[in-house]
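Work through the exercises below with the model open. Try each task before reading its solution.

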Amino acid sequence: MKTVIKVNNISKMYRLGEIGTGTLSHDLNRWFARVRGKEDPYLKIGEVNDRTKQGNSNYVWSLKDISFSVEEGEVLGVIGRNGAGKSTLLKILSRVTSPTKGEIFVKGRIASLLEVGTGFHPELTGRENVFLNGAILGMTKSEIKSKFDEIVDFSGVEKYIETPVKRYSSGMYVRLAFAVAAHLESEILIVDEVLAVGDLEFQKKCLGKMGDVAKNEGRTILFVSHNMGAVKNLCKKGIILQNGQLAFAGSINETVEHYISSQISNAEYSNEKGSSKPAYIKKALLSDKKGKSKNTFDFFENVKINLEIACQADFTQSFNVGVLVKDKWGQKLFTTVNSYKSSGALQVQVTLPSQLLLGGAYSIDAALFIPGSVTLEYVKDIVSFTIVDSGSALAIFGDADIGPFKVDCIWESQ
Amino acid sequence: MGNIALEMASNKEKSENWDLVIRPAGSAVTLNFKDIWKYRDLLFMFVKRDYVSVYKQTILGPLWFFIQPVLTTLTFALVFGRIARLSTDGLPMLAFYLCGIVAWNYFADCLNTTSGTFINNANIFGKVYFPRIIIPVSVVISNLMKFALQFLLLIMLVCYYAFFTEQQVQPNWLIVFTPLLLLIMGVMGLGFGIIISSYTTKYRDLKFLVTFGVQLFMYATPVAYPLSALPEKYQNILKWNPVTPIVECFRYAFLGKGTFDIFMLLYAALFSTVLLMCGMVVFNKVEKNFMDTV
């Protein structure tokens, strides 16, 4: 395996806020520093990028010292929250903007798909736009010609290919645009979340095409998405960006798991402020059978969910407490419900059976509701926990995705 | 520091095995002609797009290309010819003004349209890489279509005067220089345009200056008057305007009156080449980072 992309300490600094009267003076300052052979005065004051915090300076590192490499034929998933620097990384890789520091070495032709249908002109026909868009994406005319039938076939808009695209429905437009992109002949393909287009059938087709491209044609793909399912299906390796820094790199299963557990890692929940609702959850935490608070459990252990519910003094109706267990993908697994009647404080313990949930990360939603009428409270991802499979019969599968449950089935053979 | 220098050296060595190296902007000014050549099909596509989209627009679309020079010519004839009584070198007024306007229009169009390159294409530029210079170059080529239509008008007028009237309109062999004149004008318009477009990404006010500046520039060029009608002193100043020899030569070729000076033409050619080179350097620097400031 040879390395086709090598990213060395890439950093990118952005200036925040309006570019107004300050710029010219900053530019002059910068120029003066350069004349004297000094370092750029504005490069020093950049901060780590965290969009939730108000920074002190107007400069921010959107990416800071990112290094990784991609081997030939590898499909790398890039995940991270909004503003983590994913798009900036892709923009630098696709040469839309350049890094502030660092270097990237690339072997082979890169085609980037940050958007489908870039440069489509409404007055031109479908055919003309295929050629135009293909050329913008870096194909030569003869390459497009040789793939033209395939592109039209994939898009499924043969009938309208001689019609100006301004008469297309938005779905047809996107289909044609994606079809061009999917037939790019480049060794390296950079794909942003463009798959969230078209109807479900077409989305599946796109994902399938991407998988084909990766598996059969042995091309290198960098794939950025929020769709963990798609990332997991397509990619073999993954990296996580967090506040512009590389937070994790590893196999795709590890990466996704790491990302999800960091997303939903709520050790405990408490609402000290109180609420005007007639009943609300004041506290929630997980413990083992003996009441010792923890969030990582063995496969053979019981998980005990401790809920502290506060009811207003004049609240007399009976209500249900519901607990929903979800897997790491946010997929709902099961719900358990019980009915209570109380005024004042109420302690509820729910014990999940042991030897049921296989190793992995899980999350819990809790709800208080009056059946058939009112939802009093619904707290998403109130607490989360991890099960470590230390020795079930299924532990041999390791990271592989074999479903969340261990179910004792009866096997017979004659 | 020594370490870093060493690392840099080894990186440089390594870079020879790679097809593409992405580095911070400004580390080296590269005019990547190979890259431009690789994207020649795209250049052709953009030109074709411009042609087709104009053709497909309303009936009046291409007609505007005629209306504008005709109205300008009539206005000039009225204001400068009739009211101000400026000399037209003994040429029929309409032919004189139209000739200057057609030549000037091509230059001005090239300058105006290329000066918006970055701002107008921010959308595409933000999504995909191709050598940015392709866009202004394609625009300069597309403008030839507009020029051709206006040129047709001029030819018809010249033919009319040459064959059906007693007026002294004498097209001559210098007509063969027309493509060269166009090339110089295109290169010059492109050079000015990309420099302006590079700076407008950051300093938007420049945009207003351009529209206004191009208009003033026309009056500093012998479009509405012949160079020969000026006092010696002003003629010498105006000769430094690189568009002057082009407009004058154009007029001399098609109408038979004007100033034809091979050295002035050479000066214009040299000027536009140097301007384009400077423009490419500035443009190249801006294209790498302009997405952050636009």
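**Exercise 1.** Find the strand that holds A:Lys283, then decide whether A:Lys283 counts as buried, partly exposed or exposed.

*Solution.* The model is predicted. Start with the position: A:Lys283 sits in strand β12 of chain A, residues 279-287. Next, count neighbours. A:Lys283 has 16 C-beta neighbours inside 10 Å. Buried needs 20 or more, and exposed needs 12 or fewer. A:Lys283 therefore counts as partly exposed.

**Exercise 2.** Which residues are in contact with A:Lys283, leaving aside its neighbours within four places in sequence?

*Solution.* What remains is A:Tyr269, A:Ser270 and A:Glu308. Now take A:Ser270. It is 13 residues from A:Lys283 in sequence, yet their C-alpha atoms are 4.3 Å apart in space.

**Exercise 3.** Give the strand order of the five-stranded open sheet in chain A, and name its edge strands.

*Solution.* Read across the sheet: β13-β19-β18-β15-β16. The pairing is mixed. Now look for strands that pair on one side only. These are β13 (296-298) and β16 (332-341) of chain A. From one strand to the next, the twist averages 30°.

Zoom in on one pair. Strand β15 of chain A, residues 318-326, runs antiparallel to β16(A), with nine bridges. Within β16(A), A:Thr336 stands opposite A:Val323.

**Exercise 4.** How many residues does each chain bring to the contact between chain A and chain B, and which element of chain B gives the most?

*Solution.* Count by chain: 36 residues come from chain A and 31 from chain B. On the chain B side, several elements supply at least two residues each, among them α1 (2-15) and α13 (262-293). The top contributor is α3(B), with seven residues. Sort that side by class: 15 nonpolar, six polar and 10 charged residues.

Strand β5 of chain A, residues 101-106, and β1(B) are antiparallel, with three bridges. Here A:Ile104 faces B:Ile22 in β1(B).

**Exercise 5.** Describe the largest nonpolar core, then follow one of its residues.

*Solution.* Begin with the total: this core has 146 residues. Those with the most contacts inside it are A:Phe223, B:Ala95, B:Cys99 and B:Ile246. Helix α5 of chain B, residues 93-114, gives the largest share, 14 residues.

Follow B:Ala95. Beyond four places in sequence, its contacts are B:Leu157, B:Val158, B:Tyr161, B:Val169 and B:Leu255. Finally, a second, separate core has 29 residues, including A:Val321 and A:Leu376.

Definitions and conventions
Residues numbered from 1 in each chain as written. Chains lettered and ligands numbered in written order. Predicted model: local features only at pLDDT ≥ 70, side-chain atom pairs only at ≥ 80, totals over all residues. Core = buried A, V, L, I, M, F, W, Y, C linked by C-beta atoms within 7 Å. Helix = DSSP H or I, 4+ residues; strand = E, 2+ residues; numbered from the N terminus. Contact = placed C-beta atoms within 7 Å. Pairing = 2+ DSSP bridges. Axes fitted to C-alpha atoms, helices over the stretch in contact; angles between N-to-C directions. Nonpolar A, V, L, I, M, F, W, Y, C, P; charged D, E, K, R; others polar.
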